[in-house]
Amino acid sequence: MEFIYEVEGGNFTKAGNASSAVKKTLKQLNVNPKIVKRIVVALYEAEVNVVAHAYKGVITVNITPEHINILLDDEGPGIPDIDLAMKEGFSTASSKVREMGFGAGMGLPNIKKNVDDLNVSSIVDKGTKVEMKTYL
Amino acid sequence: MKKQQIYHALKVDHDICYGCTHCMNVCPTDAIRINDGKALILKKRCVDCGECLKVCPVDAIFVEQDDLKNIFDFECRVALVPSVFTGQFPTSITEEEIFSVMHELGFTHVFQAEFMVDVINDLMNEQSLTNEDKPLISTFCPSIIRLIQVKFPSLTDNIATVNPPVNASAAFYRKMLIKQGIAEEQIGIFYVTPCAAKIAAIKGFEKYHDSINGVINMQYLYNKLYVKIKNSTKEEKELPVLPHLSSKSIQWSLTRGEADNMNGKCLAVDEIHNVIEFLELLENDEIPVVDFLELRACDQGCAGGVLLHGNRFLTVERLNERARQLENDNEGVNWKEHKEIIKDKDLFISKLDSLPAMSLDQDFSEALKKMERIRNLMCYLPGIDCGACGSPNCSALAEDIVQRKANLSNCVFLQRTMEKSKKLSGEHAIRLIEKTWGKDRLDKDCRKKGAKNEGM
């Protein structure tokens with residue numbers, strides 16, 4: 001089963017809407033609360049990343065009896081050095097974004113901690129794809 | 001997970017309920033349906049918050065309570081009174097006066113439910129410091145505890161394992177009376193409750209406590225008492241000597257009562273819809289680190305309880321006034337003097353299990369199939385969320401259909417489409433409406449609420 005959500009770059013008020021919708025769905029599907037929590041925390045981080053850095057993005061959630069696969073595909077500046085972005089504390093967020101409590105450089109590392117597989121690919125000046133998979 | 005019998009205090013009086021949609025629309029857990037013209041509360045989802053009772057235009061929703069006569073089953077009849085009870089009386093009437101009239105009603109002892117607040121405060125501070133799952137969530141409001149178990153199962157580990165003050169106080173007083181030589185079976189402790197959730201907590205769900213023998217509806221007692229106070233001649237009366245509560249204890253049940261007295265970063269959220277909004281954020285990890293959370297189902301905390309007579313804002317003001325009067329008073333009872341009779345089991349509860357009630361099926365792949373069908377049904381339902389089908393909104397109807405509790409033809413808009421395509425006759429459509437809303441429901445009735453002969 002597939003769910004699609006659109007994300008608007010720069011709109012922090014709406015950041016988290018997709019995560020909340022996915023959370024409701026997973027609860028209805030009787031997924032173990034601990035797994036739900038991990039997925040939602042990871043997705044929220046990733047959703048905020050799109051809002052903070054990209055112009056717009058699409059979240060595609062795919063749920064099968066075996067796994068939950070989430071793809072965040074954004075149009076934006078891209079990540080020049082993915083290995084560096086995966087380091088805790090590394091952040092390119094503007095001071096405006098940091099003032100709002102985001103951009104501590106924990107985004108990608110935190111996502112990695114909460115899902116089973118994480119794949120990040122990016123083309124500079126074009127966009128970033130973040131794919132995360134959790135096995136059930 | 002073990003199956004538990006869940007007790008609910010909120011009931012629907014079928015003789016009075018005329019099947020409107022008020023309760024169904026405000027229920028924070030989508031726990032109400034209308035069938036055959038009457039509201040039906042789904043036990044698995046109800047958290048006893050009392051929103052339905054507050055909104056019912058004809059008082060068809062009521063709480064199950066103990067008869068005041070039940071106190072006479074005991075020789076030693078104890079009323080356990082929360083401070084919001086006194087907060088409903090004008091401050092010119094002293095606590096002693098109020099309690100002395102309670103003696104006239106048949107109680108032999110009157111104690112304050114907040115007596116153990118200081119102990120509870122210390123214990124929660126200890127847990128808040130050591131708890132791995134931050135923030136620690138208070139056990140004070142039973143409706144919130146239930147809400148977390150039902151709707152936010154991943155947060156059950158955040159709930160403290162400290163007893164709410166009322167249960168600890170009841171346990172304390174019972175032991176104190178036993179120590180004074182009264183036989184245990186002769187002691188009947190009755191809690192004067194401001195809400196439905198506390199009734200449910202005491203009477204049933206979980207093994208909350210066994211030291212309380214019954215609950216008395218606060219509204220009922222207020223009326224009984226106020227008549228007596230109004231009609232009493234102001235003669236010299238022997239007033240009972242009460243342990244004076246600290247101002248902190250008096251304000252404990254109000255919003256920020258706990259949060260202002262806990263260590264670290266503490267937040268207080270009141271009113272159940274606000275709490276749900278906040279818990280959604282907390283579950284997403286969108287909340288920066290907070291050490292302690294005070295969550296209350298009612299606006300203004302217990303002052304907003306459904307069984308309170310007075311306006312909640314006035315009650316808050318009166319309690320604050322009573323607390324100010326006490327600030328210079330150092331006669332408070334020190335619970336530590338009685339420390340030897342308090343046991344751990346009076347102060348702690350075990351970790352709570354989650355009771356998730358929002359899932360479509362126990363089995364994941366079954367649930368997945370059901371969800372696919374719901375998404376398919378939503379293509380046809382109009383998304384108006386009118387409630388005319390007897391379910392609170394279109395997605396709830398879709399869910400009820402998938403769970404075989406309703407049919408697509410319950411939707412009044414789809415009925416029109418079916419009529420147009422000749423799949424449904426007009427008469428059949430009326431029968432369908434009557435199935436949800438009761439027989440002859442669409443007939444003219446000038447005595448209904450708001451109609452020209454109302455009340456005649």
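Residues are numbered from 1 along each chain as its sequence is written, while chains are lettered from A and ligands numbered from 1 in the order in which they are written. Because the model is predicted, local features need pLDDT of at least 70 and side-chain atom pairs count only at pLDDT 80 or more, whereas totals for chains, interfaces and linings use all residues.

Chain B has 17 helices and eleven strands, these being DSSP runs numbered from the N terminus (helices H or I, at least four residues; strands E, at least two). Its radius of gyration is 25 Å, close to the 23 Å that the globule rule gives for 456 residues, so chain B is as compact as a globular protein of that length; the radius is taken over C-alpha atoms, and the rule is 2.2 Å times the number of residues to the power 0.38. The C-alpha trace of chain B spans about 80 × 60 × 40 Å along its principal axes.

Turning to the sheet, four strands of chain B form an open, parallel arrangement in the order E6-E5-E8-E9, where two strands pair if DSSP finds at least two bridges between them. Strands E6 (109–112) and E9 (214–217) of chain B are the edges, each pairing on one side only. From one strand to the next, the twist averages 30 degrees. Within this sheet, E5 (residues 76–81) and E8 (residues 187–193) of chain B pair over five bridges, and B:Ala79 stands opposite B:Phe190 in E8(B). Helix H9 (residues 218–231) of chain B lies across E8 and E9 of chain B, at about 60 degrees to E9(B); axes are lines fitted to C-alpha atoms, for helices over the stretch in contact, and angles run from 0 to 180 degrees between N-to-C directions.

The contact between the chains takes 21 residues from chain A and 21 residues from chain B, with residues in contact if their C-beta atoms, placed from the backbone, lie within 7 Å. On the side of chain A that touches chain B, H2(A) gives the most, with seven residues.

Some backbone details are also worth a look. A cis peptide bond, with omega about -5 degrees, joins B:Lys134 and B:Pro135; B:Pro135 is in the loop between helix H5 (117–130) and strand E7 (136–137) of chain B. B:Asp440 has a positive phi of about 60 degrees although it is not a glycine, and B:Asp440 is found in the segment after helix H17 (426–437) of chain B.

Definitions and conventions. Contact = placed C-beta atoms within 7 Å.
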